[in-house]
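Student: I have this one open and want to go through it with you. Can we start with the surface and then move on to the cross-links?

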Amino acid sequence: MKLLLVFCAFIIGARATIKCNEGVSTSTAASLTVKEDCAGPSCSSPTVSYTGLSSQNYACGACSGSAATDGSCESCTGNASTPCNAAVEVETFKCYDYSFNTTTNKWAKVTTAVTCHVKKGTAVHC
């Protein structure tokens with residue numbers, strides 16, 4: 001009888017679910033959908049680089065494939081009360097690229113600034 005109770009508790013625990021946000025990588029907090037019954041333990045979301053937000057979607061489950069190793073996806077450990085993969089807020093700023101002039105052997109600032117991106121609250125470095 002005790003074995004049966006332990007087995008039932010194991011089965012119920014194995015079916016525990018978590019909440020994760022789902023949506024395309026460019027979703028705002030208001031446009032993400034909370035999925036209530038993800039088969040834990042992880043959720044995934046896009047990452048931010050200077051070139052912008054990665055194309056990884058918000059989803060149930062850990063990062064997989066090349067996204068798990070190339071830095072375009074971030075996994076978090078979920079729970080049953082709130083999604084751990086909150087919408088990524090991005091700030092933009094302008095920076096100048098530089099190119100090396102082989103005639104003068106000097107670095108020269110490109111005339112047009114480019115738009116760079118950082119996760120909100122991150123220090124800006126050009």
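Student: Which residues make the nonpolar surface patch of about 500 Å²?
Tutor: Tyr-96, Tyr-98, Phe-100 and Trp-107 make that patch. Patches are built from residues with over 30% relative accessible area and no salt bridge, joining like charges within 9 Å and nonpolar side chains (Val, Leu, Ile, Met, Phe, Trp, Tyr) within 5 Å. The areas come from the Shrake-Rupley method with a 1.4 Å probe, and for residues only the protein chains shown count as cover.

Student: What kind of model is this, and how are residues numbered?
Tutor: It is a predicted model, where local features need pLDDT of at least 70, side-chain atom pairs count only at pLDDT 80 or more, and totals for chains, interfaces and linings use all residues. Residues are numbered from 1 along each chain as its sequence is written, and side-chain values use heavy atoms, with hydrogens and water left out.

Student: Where is Phe-100?
Tutor: Phe-100 sits in strand β9, residues 98–101. Strands (E, at least two residues) and helices (H or I, at least four) are DSSP runs numbered from the N terminus. Phe-100 counts as partly exposed because its relative accessibility is 40%; buried means under 20% relative accessible area, exposed over 50%, and partly exposed in between (1.4 Å probe, protein chains only).

Student: On to the cross-links. How many disulfides are there in the whole structure?
Tutor: Five. A disulfide here is a pair of cysteine sulfur atoms within 2.5 Å.

Student: Which residue is joined to Cys-38?
Tutor: Cys-60, with an S to S distance of 1.7 Å.

Student: Is Cys-38 buried or exposed?
Tutor: Buried, at a relative accessible area of 2%. Cys-60 is partly exposed, at 26%.

Student: What about Cys-63, which cysteine does it pair with?
Tutor: Cys-73, at 1.9 Å from S to S. The pair links distant parts of the chain, 10 residues apart: Cys-63 is in the loop between β6 and β7 (73–77), and Cys-73 is in strand β7. The link is left-handed, with -85 degrees about the S-S bond. Cys-63 is buried at 15% relative accessible area, and Cys-73 is buried at 11%.

Student: And which partner does Cys-95 have?
Tutor: Cys-126, with the sulfurs 1.5 Å apart. Cys-95 belongs to strand β8 (residues 90–95) and Cys-126 to the segment after β11 (114–119), so to speak distant parts of the chain, 31 residues apart.

Student: Why is that disulfide of Cys-95 and Cys-126 called left-handed?
Tutor: Because the torsion about its S-S bond is about -80 degrees. As for cover, Cys-95 is buried at 5% relative accessibility, whereas Cys-126 is exposed at 75%.

Student: What is the pairing if the bonded cysteines are numbered in sequence order?
Tutor: The pairing is 1-3, 2-4, 5-6, 7-8, 9-10. Cys-116 is in no disulfide; the nearest cysteine sulfur is that of Cys-95, 4.4 Å away. Cys-116 is buried, at 11% relative accessible area.

Student: Change of topic. How many salt bridges does the count come to?
Tutor: Two, taking a salt bridge as a side-chain nitrogen of Lys or Arg within 4 Å of a carboxyl oxygen of Asp or Glu. One of them is between the side chains of Lys-19 and Glu-36, at 3.5 Å from N to O. Lys-19 lies in strand β1 (residues 18–22) and Glu-36 in strand β2, so parts 17 residues apart in sequence are tied together. Lys-19 is buried at 19% relative accessible area, while Glu-36 is partly exposed at 49%.

Student: Which residue meets Lys-120 in a salt bridge?
Tutor: Glu-89, also listed at 3.5 Å, N to O. Lys-120 is in the segment after β11 and Glu-89 in the loop between β7 and β8, so this bridge ties together parts 31 residues apart in sequence. Lys-120 is partly exposed at 49%, and Glu-89 is partly exposed at 48%.

Student: Last one: how many helices and strands are in the protein?
Tutor: One helix and 11 strands. From the N terminus on, the order is α-β-β-β-β-β-β-β-β-β-β-β. Buried residues make up 25% of the 126 residues.
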